[in-house]
Amino acid sequence: MGRRQRDRRRQQQQQRRERGGGGDGQGRDPAGWAGGYPEIVKENALFERYYAALRIVPEGEWEPFMAALREPLPATFRITGYKSHANEILHCLKNKYFKELQDLVVDGQKIEVPQPLSWYPEELAWHTNLSRKILRKSPELEKFHQFLVSETECILDMCAAPGSKTAQLIEMLHADMNVPFPEGFVIANDVDNKRCYLLVHQAKRLNSPCIMVVNHDASSIPNLQMDVNGKKEILFYDRILCDVPCSGDGTMRKNIDVWKKWTTQNSLQLHGLQLRIATRGVEQLAEGGRMVYSTCSLNPVENEAVITSLLEKSQGALELADVSSELPGLKWMPGITQWKVMLKDGQWFEDWKEVPSNRQAQIRPTMFPIKDEEKLKAMHLERCLRILPHHQNTGGFFVAVLIKKSPMPWNKRQPKLQWKLLQKTGDTAVPTSTTEDGSVETIEEQPPEDEQAREVQDSLNSECEQSKKDGVCGPPPSKRMKLFGFKEDPFVFLSEDDPLFPSIQKFYALDPSFPKMNLLTRTQEGKKRHLYMVSKELRNVLVNNSEKMKVINTGIKVWSRNSDGEQFGCAFRLAQEGIYTLYPFINARIINVCIDDVKVLLTQENPFLSKFSNETQKLVKDMAMGSIVLRYDPDPNRLDTLQCPVVLCGWHGKTSLRAFVPKNERLHYLRMMGVEVFQAKRKEEDLRSKMEEGNQDDNAELVEEAADGDGTMQLGCSKQH
C-alpha cells in the first residue's frame with residue numbers, strides 16, 4: 001500500500017471518528033454491533049407482490065418468512081481438514097472457546113453457545129445467534145473471533161468455483177489421510193481470469209495434488225481427452241457442480257443491497273445464461289453421473305424453469321434424483337410445478353402465447369412451466385429442494401440433482417468413460433443458436449467420428465507430439481486465449497532420466513513406487529527452483545489437452561531448491577505444502593518427536609538441540625545435516641494431548657533443529673495442542689496497526705467478504721490436504 005493511500009485512509013478514519021463522536025471511543029456506534037444497516041430500508045413491494053403470488057412460501061408462513069429476511073444472517077462456520085485434525089479443532093472449540101461464551105452478555109444481548117447444524121454430518125458445521133458484524137466488533141468476543149479468523153479459509157463467492165463448495169469436493173477425495181493420491185480429481189473453472197487467481201489462492205490452502213484451476217467460458221468449456229490404454233477417449237465427468245450465476249435474492253440477509261436493487265428483470269436476464277451453462281454441464285456428464293444444479297435465488301425462472309427445459313429437451317436422457325433422505329434434519333420445500341412470469345413494471349404473463357412481440361426478447365418460452373400434465377408429472381419437479389430462510393435461520397437456496405441415464409439426443413455417441421472426477425463450472429455468455437420455438441441451445445462440439453475424425457485427430461496429435469515427448473504442457477497457442485489476463489508459465493514434467501532426481505531419491509530413500517513421472521516444474525530453462533506434484537490423472541489431462549485448455553494452476557509444491565543442501569548431498573529441501581502427499585514415500589531422514597518437542601519446534605525459531613528430549617537428540621546425533629521429516633504420533637495413554645498425527649518439514653543444523661512451517665500453520669497446531677496464542681497474535685496486530693492505521697478494520701471487512709455464499713466461515717488447517 002502506497003503512502004498516499006495510507007494518508008487518505010487515516011484522513012477518512014479521522015473524519016469517521018469526528019462524525020461518530022462517543023460510542024466505543026473509536027467513532028463506532030455500539031448499536032452497529034447488532035448487524036443492522038439503518039441507512040437501507042428493508043422493504044421491496046415488488047418482491048413481496050411477486051413471491052406472494054407465486055406461493056413458494058407455505059400458507060400461514062409469509063410473515064415469519066419476511067421477518068427472517070429482515071434479520072441479519074447469523075454467523076456459521078464449518079470445520080475442514082483431515083478427519084483426525086478436524087476432530088481436534090472440534091475438541092478445542094467445545095472444551096475451550098464455547099465454554100468462554102457461556103453467560104456472556106454483549107450490548108444487552110445474551111450470547112448463546114454455538115449449536116451444531118442438525119443436518120450436517122459429524123458436528124462439523126455450527127451456527128450461532130451472532131451476526132458477523134457483532135462477532136468482529138465486540139471486544140468481549142474478540143478472542144473467539146480471533147480464533148475463527150485465524151482458522152478461516154478466505155473464500156471468494158464465485159459462480160464458477162466457490163471456495164467452500166470446491167473445498168468440500170476435495171475433502172471428499174482426501175477422506176483417508178493415508179492415501180496420498182486418491183483416485184479422482186477436481187477441475188475448478190471460471191471465466192474471469194482474476195477470480196481464477198483468487199481461486200488458486202484458495203486451492204493452495206487445500207494442498208491437494210488432485211485439483212486443477214482452469215480459465216474457460218463454462219457454457220462452451222472444451223471437451224477434454226484422456227489416454228486410456230493407448231487410445232484417446234473423450235472425458236466425461238462422474239460428478240458436476242453447476243452453481244450458476246443468479247440474482248441472489250436468497251442472500252438478502254447478508255447482501256442488503258438486494259432489497260433496493262431487486263427486480264424481476266434480473267432473473268429474466270440470467271435465465272438464458274443459466275440454461276446454457278447447465279446444458280453444457282449435462283453434455284459433459286457421464287452416463288450414470290450426477291450433476292448438482294444450484295442457485296442462491298428463490299425465483300422459479302432461475303430454478304424450476306431451467307430444470308424443466310433441461311428435462312424436456314433431454315427426451316428422457318435426464319431425470320431428477322430423489323435426495324430427500326440424504327440430509328436428514330434439513331428442512332426444505334419441494335419444487336413447484338406452476339408459476340408466472342413478471343416484467344419489472346409488474347405485468348404478469350402465464351403463457352408464452354400472451355407475450356407481445358416487443359417483449360419476446362426479454363421473455364423466452366423456456367421461462368414458463370409446461371402445460372402437458374402427463375409430461376409435468378413425469379418430471380417430478382417436487383424432487384427439487386428450495387431452502388427458505390425462516391425454517392432454519394438460513395439464507396435462501398435452490399438445489400436440484402440430475403442423473404444422466406443416456407447420451408443427450410443431439411450427441412450421436414458418448415463413450416462410457418467413468419473417471420472418478422468432479423468438475424466445477426463457471427459463468428458467462430457464448431454464441432448460441434435459437435430454435436424455432438425460441439429455446440436456446442449451445443453450439444456443441446461433437447465427438448470425432450469415423451475416418452474423417454481420425455485424420456483430423458492424427459493431425460492434431462502430430463502437431464503436439466514433440467511437446468508431449470518433452471513433457472511440456474504450455475498454454476494454448478491461440479491468439480484469442482492471450483486476451484485473457486496473464487500468460488501462464490508452462491507445466492514441464494521431469495523426464496525419465498532427469499539428473500535432478502537421483503540425488504533426491506537417494507537422500508530421502510524414496511520408495512520404488514514413488515511416481516516420479518508426476519513431478520513437474522514451471523520453467524523450461526535455467527535452474528529449477530521448485531518441484532511440484534500432480535496425480536497421475538491430472539498428468540494425463542495436462543499432457544493430452546494443453547493445446548485446448550488454459551490451465552491457471554495445478555500441483556502442490558513438494559521440494560524447493562536450497563543451496564545450503566548441496567554440501568549435504570541434496571540441493572532440494574522438503575516443502576510443508578506437499579509433505580502429507582510426499583511422506584508415505586519417504587524412508588529416510590524421519591525423526592519421531594514427542595508433544596513437548598513439537599511445542600518447542602513451533603514456538604521457537606531456531607532452537608538448540610539441547611532444548612529437545614533425549615530421544616530426539618539421540619536420533620539427530622548420527623544423522624547428516626539437511627532437510628528432515630518431523631513426525632508426531634499421538635499417545636493413546638495421554639488423552640489430554642494432541643490426538644492426531646502431525647508431519648512437519650524441518651532442518652537439521654550443526655547445533656540446532658528447526659521447523660520449516662508457515663506461521664499460520666504453526667498457530668493452528670499450537671491451538672490444537674491447547675497453547676494460548678491469542679496474546680502473541682494480538683501484539684503482532686497492534687504493531688501492524690501502529691505502522692498502518694486503519695488496516696485492522698479493513699482486514700475485518702475482508703474476513704466478512706470471505707464468507708461463502710451462505711454466510712459460512714470454514715475452520716481448519718488448510719495446509720493439510
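This is a dialogue on how to read some features of a predicted model.

Colleague: Where do I start: how many helices and strands are there in the protein?

Modeller: The protein has 22 helices and 32 strands. Of its 721 residues, buried ones make up 55%. The protein exposes about 32,600 Å², and carbon and sulfur atoms supply 50% of that.

Colleague: What share of the contacts with a separation of 6 or more comes from residues 24 or more positions apart?

Modeller: Such residues account for 77% of those contacts.

Colleague: How should I read a helix that has buried residues?

Modeller: Start with the general idea. An α-helix has 3.6 residues a turn, so residues three or four places apart point the same way. Now take helix α2, residues 45-54, where Leu 46, Phe 47, Tyr 50, Tyr 51 and Leu 54 are buried. These residues cover an arc of only 115° around the axis, which puts them on the same side of α2.

Colleague: What do the buried residues of α2 pack against?

Modeller: They pack against α3 (62-70), β14 (341-342) and β15 (348-349).

Colleague: And what is found at the start of α2 and just after it?

Modeller: At the start, a side-chain oxygen of Asn 44 comes to within 3.2 Å of the backbone nitrogen of Leu 46. Just after α2, Arg 55 has a positive phi of about 60°.

Colleague: Which residues of α3 are buried?

Modeller: Trp 62, Phe 65, Met 66, Ala 68 and Leu 69 are the buried residues of α3. Viewed down the axis of α3, they fall within an arc of 160°, so they line one face of the helix. Their packing partners are α2, α9 (257-261) and α13 (389-392).

Colleague: How do I read a nonpolar core?

Modeller: In soluble globular proteins, nonpolar side chains tend to be buried together. Here the largest nonpolar core has 97 residues, and Tyr 51, Phe 65, Met 291, Ile 307 and Ile 363 touch the most other members. Helix α10 (residues 265-283) gives the most to this core, with seven residues. Apart from this core lies another, of 63 residues, including Ile 586, Met 623, Val 647 and Leu 670.

Colleague: Take Met 291. Which residues does Met 291 touch, not counting those up to four places away in sequence?

Modeller: On that count, Met 291 touches Ile 240, Cys 242, Ala 278, Gly 281, Val 282, Leu 285, Leu 310, Ala 400, Val 401 and Leu 402.

Colleague: What should I do with an annotation from a record?

Modeller: Say where the annotation comes from, then look at the residue in the model. UniProt, in an unreviewed entry, lists Cys 296 for "active site". Cys 296 is in the loop between β11 (285-295) and α11 (304-314).

Colleague: Is Cys 296 buried or exposed?

Modeller: Cys 296 has a relative accessible area of 17%. The cut-off for buried is under 20%, so Cys 296 counts as buried. Not counting residues up to four places away in sequence, Cys 296 touches Cys 246, Gly 248, Asp 249, Gly 250, Thr 251, Gly 396 and Phe 397.

Colleague: Which residues does the UniProt annotation "binding site" cover?

Modeller: The unreviewed entry gives Cys 159, Ala 160, Ala 161, Pro 162, Gly 163, Ser 164, Lys 165, Asp 190, Asp 217 and Asp 243. Asp 243 is in strand β10 (residues 237-243) and is buried, with a relative accessible area of 8%. Its side chain makes a polar contact with the side chain of Ser 294, at 2.6 Å.

Colleague: You gave a phi for Arg 55. Which other residues have a positive phi?

Modeller: Ala 509 and Arg 589 are two to look at. Phi of Ala 509 is near 50°, a positive value in a residue other than glycine. Ala 509 lies in the loop between α15 (500-508) and β23 (519-521) and is partly exposed, with a relative accessible area of 28%. Arg 589 is not a glycine either, and its phi is about 65°. Arg 589 sits in the loop between α17 (579-582) and β28 (590-593). With a relative accessible area of 9%, Arg 589 is buried.

Definitions and conventions
Residues are numbered from 1 along each chain as its sequence is written. This is a predicted model: local features need pLDDT of at least 70, side-chain atom pairs count only at pLDDT 80 or more; totals for chains, interfaces and linings use all residues. Side-chain values use heavy atoms; hydrogens and water are left out. Buried means under 20% relative accessible area, exposed over 50%, partly exposed in between (1.4 Å probe, protein chains only). Helices (H or I, at least four residues) and strands (E, at least two) are DSSP runs, numbered from the N terminus. The arc is that of the directions from the helix axis to the C-beta atoms. Contact means heavy atoms within 4.5 Å. A polar contact is a pair of N or O atoms within 3.5 Å; within protein, one must be able to donate a hydrogen and the other to accept it, and residues adjacent in sequence count only if both atoms are side-chain atoms. UniProt positions are given in the numbering used here, feature names are shortened, and annotations may be inferred rather than shown by experiment. Accessible areas come from the Shrake-Rupley method with a 1.4 Å probe; for residues, only the protein chains shown count as cover. A nonpolar core is a set of buried Ala, Val, Leu, Ile, Met, Phe, Trp, Tyr and Cys residues joined through side-chain atoms within 4.5 Å.
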